[in-house]
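Please open the model in your viewer and keep the selection panel at hand. The stops below can be taken in order.

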Amino acid sequence: MQLKPEQLQLHLKRNLAPIYWISGDEYLLIEETREIFYDALSQQGFTDKQSYEVTPSFNWQSFFDSTQNLSLFSEKSVVELRFHHKLKEQEKTTLIEYATHPVENNVVLMISDKIDKSTQSTKWFKQIEQKSVFMQIWPVGTTQLPHWIGQRLQRIGLTAEPAAIQLIAEQTEGNLLAVKQLIDKLQILHSKTRLTLDDVMQLTQDQTYYDIFALADSALNSNAVRSARILTKLKQTGVEPILILWTLAKEIRTLISISEQLKIHQALDMILQKYGVWDKRKPMVKNALKHHNIDTLTRLLKQASDIDRMIKGALPDNLWIRLHQLIIELCDPHHVFNC
C-alpha cells in the first residue's frame, strides 16, 4: 500500500507491515520520516537494529542471515536497507521472496532515491508493494517553500512576518537543511514567539549561509580555485559536511534531470523554469551542462553517495578530501584529482 509520510505515525499505532519503503531525494524529510518510524517502533519493543548499505556488490545472504539470527535472539527487530543504485533483477526477486515470506517479529525498512511512476507500475514493484508500505517523499517546490517554512515555525511555537518568511526562502534557495539550521538558530537566539524581518536579516548576515551557496555556484561556474578556497573556509568554521553534500548532490541531480529532458529535445529555458532554476543562476547551470553529460554526472552522484556513507560511518575514508574531489570534478569532469 502507499502512504503519505504525514500518515505514518497514526498508521504505526494501528498495525505493522513487514516492509516499509521510504523513497525520495530530500535528505532532511527522509531522515525525519525515518526518525518517526524508529520512535514508534521503539515504543512497541523493537530494540534491535541491523543496518546495511546496499551496493551492487552487496551480499544478500548476510541480509537473510541477519533476519534469521535477530529473530532467534530478540523478540522484535528492525533491519534497515539503504539502496545506492537501481535494483538489479536478482535483487528484485530477492525482495519479492522476502515480502512473500517475511520473518516473524522483524520489520524491514528500505530507503532509496526517488522511485518514478514508470517503475511503480512494473509487476515486480507491485508485488513488493502489496506486502509493504511505500512512502514517496516529494521535494518542496519554490512556490511551496514559504508555506512549508511557516508550518515549520509553527511546529516549534513560532510565527513570522510574511517578509521574514520570504527572506528565509530566498536566502536558503530550497535547501531544507539550511532552512532547518536557520530556524533552529532563530529559536535559540530569540525568546519572542513572532519573528520580524529584522530578526532574520541579522542572522542571515552570517557569511556561512552565503558560502554554502557560493560553493555550489562556484563549482557550476567551473571555478576550481575559488571552490577549494570556499570549502576550506567552511571546514574551518565548523559547517556540517552533510549540509555541503546535500547542496552539491541536489545540484547534480538537477543537472541529470535537465540533461535527460534535453535528450528529448525540449527547450533549455523551459526546462530550467520547470526545475525552479532562479534567473541569476541560469548562466552557471548552462555552463555546467556544457562541461558534463549524463555519464559524468551519474559518476558524481555515485561519489556523493559514497561520501554520504562516510558521514554515517559506513565507509572509512577522509570525507573532506572526497568532498574536495567531488567539487573539483563538478568544476571539470576531466580534472585528474590527486589525494
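What follows is a short tour of some helices and their contacts.

This is a predicted model, in which local features need pLDDT of at least 70 and side-chain atom pairs count only at pLDDT 80 or more, while totals for chains, interfaces and linings use all residues. Residues are numbered from 1 along each chain as its sequence is written, and side-chain values use heavy atoms, with hydrogens and water left out.

Select helix H7, residues 145–155, where helices are DSSP runs of H or I with at least four residues and strands are E runs of at least two, numbered from the N terminus. Leu145, Trp148, Ile149, Gly150, Arg152 and Leu153 are buried there, meaning under 20% relative accessible area with a 1.4 Å probe, protein chains only. Their cover includes helix H2 (27–43), helix H8 (162–172) and strand E7 (194–195), contact being heavy atoms within 4.5 Å. Just after H7, look at Gly157, which has a positive phi of about 80°.

Next, select H13 (residues 241–263) with H16 (residues 294–311), which pack at an angle of about 155° with axes 10 Å apart; the axes are lines fitted to C-alpha atoms over the stretch in contact, and angles run from 0 to 180 degrees between N-to-C directions. That angle makes H13 roughly antiparallel to H16, a word used for angles over 145 degrees. Among the residues that meet are Leu245 and Ile252 in H13 and Leu297 and Leu301 in H16.

Leu255, Ile258, Ser259 and Leu262 in H13 meet Val285, Ala288 and Leu289 in H15.

Technical notes
Angles under 35 degrees count as roughly parallel, over 145 as roughly antiparallel, 65 to 115 as roughly perpendicular and the rest as oblique. Buried means under 20% relative accessible area, exposed over 50%, partly exposed in between (1.4 Å probe, protein chains only).
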